[in-house]
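The points go from the whole chain to single residues and pairs.

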Amino acid sequence: MATPDVHVRVCEQEILKYDLEIKALIQDITECDGPQSKLTEMNAEVKKHFHCLRSRIQDFERIAMEQDKESDKQALLDQVEGHRKQMLSNQTAWRKANLASKLSVDKMEKKALLNGSDGAVRQRKMTKEGLARNAGDITENLMSISRMMAQQVQQSEDTVTTLATSSRTVQETNEEFKAMTGTIQLGRKLITKYNRRELTDKLLIFLALALFFATVLYILKKRLFPFL
């Protein structure tokens, strides 16, 4: 009888555990004021616990029917009946909790609708203010972009002016180089002319010297050797 007693205690402990968990869930449903999805989720959890409780009560009843002594069987069957009554009481409390929660959810939804109307007005007002702020921001951004473009145009004009000035400077330098080149070429021509004239002078001097020496030799010849 030791082994059945262990099974009885284990089964009864599980029945008590599910019973307490169902009561706690029913209390949560009673206090639930929405949303509907939360209420649906808690009801699904309650259904699962009721299924497990019913299964454990059936196991407990099977153990009771397997008892050899009629007194033990009857005692356990009385407990089974008590658990079934408690389960029915929980089911009644569950229905009442759902009714109370449904009323609370409906009330909260109506309140949310009323608040939603006020909120819609505030939202429209906030939307208008937001649009006005956005328009102001966009205008400011456009003005900033316009200022940046004006600065860029001014910088471009300054750059063009600088390039024009540089171009004139380069052109003037080029003209100076051309003038210097002409002067150099003129100097080269003069130097070449002077070199040629120097060569002519040297040649004339040489010829004059040759003529002088020839004259001297001729005179000496006539005086010293007249018979020749």
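1. Buried, in this note, means a relative accessible area under 20%, exposed means over 50%, and partly exposed covers what lies in between. On that basis, buried residues account for 16% of the 228 residues in the protein. The model is a predicted one.

2. The protein has three helices and zero strands. In sequence order the pattern is α-α-α. Helix 1 covers 2–31 and helix 3 covers 70–224, while helix 2 takes in residues 36–65.

3. For contacts between residues at least 6 apart in sequence, 71% join residues at least 24 apart.

4. Helix 2 has 30 residues. From its first C-alpha to its last, helix 2 reaches 43 Å, close to the 44 Å expected at 1.5 Å a residue.

5. Which residues have the most contacts inside the largest nonpolar core? They are I29, F50, L53 and F60, in a core of 23 residues. Helix 1, helix 2 and helix 3 each give two or more residues to this core. Helix 2 gives the most, with nine residues.

6. Not counting residues up to four places away in sequence, F50 touches I22, M87, N90, Q91 and W94.

7. N43 also lies in helix 2. Is N43 buried or exposed? N43 counts as buried because its relative accessible area is 13%, and the limit for buried is under 20%. Leaving aside neighbours within four places in sequence, N43 is in contact with I29, W94 and N98. W94 is also among the residues that F50 touches.

8. S55 is placed in helix 2. With a relative accessible area of 31%, S55 is partly exposed. S55 and I15 are 40 residues apart along the chain, and their C-alpha atoms are separated by 9.2 Å.

9. The count of salt bridges comes to eight. One of them joins D19 and K23, with the closest N and O atoms 2.9 Å apart. D19 and K23 are four residues apart in helix 1, so they are separated by about one helical turn. An α-helix has 3.6 residues a turn, so residues three or four places apart point the same way. D19 is buried, with a relative accessible area of 13%, whereas K23 is partly exposed at 34%.

10. R84 forms a salt bridge with E61, and the closest N and O atoms are 2.6 Å apart. This pair links distant parts of the chain, with R84 in helix 3 and E61 in helix 2, 23 residues apart. R84 counts as partly exposed at 29% relative accessibility, and E61 counts as partly exposed at 26%.

11. E70 and K73 meet through their side chains in a salt bridge, at 3.9 Å from N to O. Both residues lie in helix 3, three residues apart, about one turn of the helix.

12. A network of salt bridges links E14, R56, D59 and R62.

13. A nonpolar surface patch of about 890 Å² is made by I205, L209, F212, F213, V216, L217, L220, L224 and F225. L220, one of these residues, is found in helix 3. L220 counts as partly exposed because its relative accessibility is 42%, which falls between the 20% and 50% limits.

Technical notes
Residues numbered from 1 in each chain as written. Predicted model: local features only at pLDDT ≥ 70, side-chain atom pairs only at ≥ 80, totals over all residues. Heavy atoms only, no water. Buried < 20%, exposed > 50% of the residue type's maximum accessible area, 1.4 Å probe, protein only. Contact = heavy atoms within 4.5 Å. Expected span 1.5 Å × (residues − 1). Core = buried A, V, L, I, M, F, W, Y, C linked by side-chain atoms within 4.5 Å. Patch = residues over 30% accessible without salt bridge, like charges linked within 9 Å, V, L, I, M, F, W, Y side chains within 5 Å. Areas by Shrake-Rupley, 256 points an atom, 1.4 Å probe, with all protein chains shown as cover. Salt bridge = Lys/Arg side-chain N within 4 Å of Asp/Glu carboxyl O.
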